[in-house]
Amino acid sequence: MLWLALARAIHIAASILLAGLFAFRLIVLAPVASRYDRVDRFQPRFKDSWGRLALVAWSTVLVSAVVWFGVVAASISGAATLLEVDAGTLQTVLLETQFGHLWACRVGCCLTLGILLFLGSHELIIAILSFAILASLAASGHSGAIVANAGLLPIVGDIGHLIAAALWPGGLVPLLVLLLGQYRAMDQSTRTFVADIVRRFSGLSLVVVGLLVATGLLNTYFIVGSPGALLTTDYGRLLLLKLALFVLMLGLGAWNLFVLKPRLSRAVMVESQTAASVAPPVQSLVRSVAAETFLAAAVVFVIGFLGSTPPPMH
Amino acid sequence: MNTKHLIIVLTISLIFVRIADAHAFLDHAEPKVGSTIHESPPQVTVWMTENLEPAFSKLQVFDAMGTELDSKDTKVNGNIMTVSLPKLAAGKYRVSWQVVAVDTHRTSGTFDFTIQ
């Protein structure tokens, strides 16, 4: 169970990060950067960091997919270790199960994405592939197994939820990288640029909370049992742990939105401000976003274990 | 943050929770779990709480001595699993189900029925 939970958590986290990186570039960075004439002054450094991060996320998705497949095959066949899984079982899992079919599609998309990334193809196509990889996780989970007359609604809800996770928690990492790379060299243009990025990301986060509420309601309708079971079952207690982590995350997000972002905007608006006087609000923001990112990773870690624990409704 | 805001945040957090994979369990069966019937059924059918993987799911019927009596022809359609039976004599029978749901989790269980 531990390996299954870990492999699953790492694969989900890497998939969210991969999609989040491209979403951040296309939805947050590109529109803001297009408004600046001197983009080349601060873009290359971020581009290098972003490229390394994309490579790490991509390779982690691929490696964790292989490990996850092996662990699932062992679990399905009742083998005690990966070494006990024979080729026939692997073939059956790959060719005759929903998990195997989706896994093959996911790995195919991931390999294609890697080639396109290497060739420097159009970012929108790569972004769509990264979201396809992420979305396919929905049908591999509970949504794909639900017996309901609702058709594809549970899967659609779960896909929406995963997309929302890529846009907000997934976007925290590139935001953090950008902030870390920029706040030391703060000329007026860079300050305004950073403040605009933060403003746009905050706006996106607010929209994403709406999407999370809508898709979460849908998930709740189809899956969640009685609230009382939260305290009396392992699943419920794990859920409460995840809830506590998420409450902290929201608190930090609110702190960024209502305190740090206005503070940064005020500092940037004063033309005469020196880099030294602008740095503190940016540093506070870096610390807060780093903490938020850490909490998001912890939430995904708990999701890995939730996936191996029967929910209270059963 | 006042109480009202805290309640809103907690509610949103509960909604945000992505409840992941579950496990397939028995919803109901025919013959019914623990039932007593008067004629040998042509088959046993179980309805599970999740859709199943046919390649890794099976249904078996044993007599009181532990001898398997079903036709070993388990059929799976979505969340419904069926195995056919020869004509059974009066007695107590145990149905054993071992399944893998499409979310890849294994579960198993048993229930009895009696023919009078």
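This is a short walk through a predicted model with a helical chain A and a chain B that contains strands.

Chain A first. It has 12 helices and zero strands. Read along the sequence, the pattern is α repeated from end to end: α-α-α-α-α-α-α-α-α-α-α-α. Of its 314 residues, 54% are buried. Now take the contacts in chain A with a separation of 6 or more. Residues 24 or more positions apart account for 80% of them.

Next, the cores. In soluble globular proteins, nonpolar side chains tend to be buried together. Here the largest nonpolar core has 95 residues. Which residues have the most contacts inside it? They are A:Leu18, A:Leu134, A:Trp168, A:Leu179, A:Phe193, A:Ile197 and A:Met249. Helix 1 of chain A, residues 2–33, gives the most to this core, with 17 residues. Look at A:Leu179 on your screens. Leaving out residues up to four places away in sequence, A:Leu179 touches A:Val194, A:Val198, A:Val282, A:Leu285, A:Val286 and A:Val289. Another core lies apart from the largest one. That other core has 21 residues, among them B:Ala24, B:Ala29, B:Val83 and B:Tyr93.

Now one helix pair. Helix 7 of chain A covers residues 153–167, and helix 8 of chain A covers residues 169–182. They pack at an angle of about 15°, with their axes 3 Å apart. Therefore helix 7 of chain A is roughly parallel to helix 8 of chain A, as the cut-off for that label is under 35 degrees. Who makes the contact? From helix 7 of chain A, it is A:Ala164, A:Ala165, A:Ala166 and A:Leu167. From helix 8 of chain A, it is A:Pro169, A:Gly170 and A:Gly171.

On to chain B. One open sheet has four strands, in the order 2-8-7-4, with mixed pairing. To find it on screen, pick B:Val95, which stands opposite B:Phe111 in strand 8 of chain B.

There is also pairing around strand 6 of chain B, residues 80–84. Five bridges join it to strand 3 of chain B, residues 43–48, and the two run antiparallel. B:Gln43 has B:Ser84 as its bridge partner in strand 6 of chain B. Three bridges join strand 6 of chain B to strand 5 of chain B, residues 75–77, again antiparallel. There, B:Val76 is the bridge partner of B:Met81. Strands 5 and 6 of chain B form a hairpin with two residues between them. In the turn, B:Gly78 has a positive phi of about 65°.

Last topic: cysteines. How many disulfides are there over all chains? Zero, from a search of the whole structure. The cut-off is within 2.5 Å. A:Cys110 is in no disulfide either; the nearest cysteine sulfur, that of A:Cys109, is 8.5 Å away. Buried or exposed? A:Cys110 counts as buried because its relative accessibility is 1%. A:Cys105, at 49% relative accessibility, counts as partly exposed.

Technical notes. Residues numbered from 1 in each chain as written. Chains lettered and ligands numbered in written order. Predicted model: local features only at pLDDT ≥ 70, side-chain atom pairs only at ≥ 80, totals over all residues. Heavy atoms only, no water. Buried < 20%, exposed > 50% of the residue type's maximum accessible area, 1.4 Å probe, protein only. Core = buried A, V, L, I, M, F, W, Y, C linked by side-chain atoms within 4.5 Å. Contact = heavy atoms within 4.5 Å. Pairing = 2+ DSSP bridges. Axes fitted to C-alpha atoms, helices over the stretch in contact; angles between N-to-C directions. Parallel < 35°, antiparallel > 145°, perpendicular 65-115°, else oblique.
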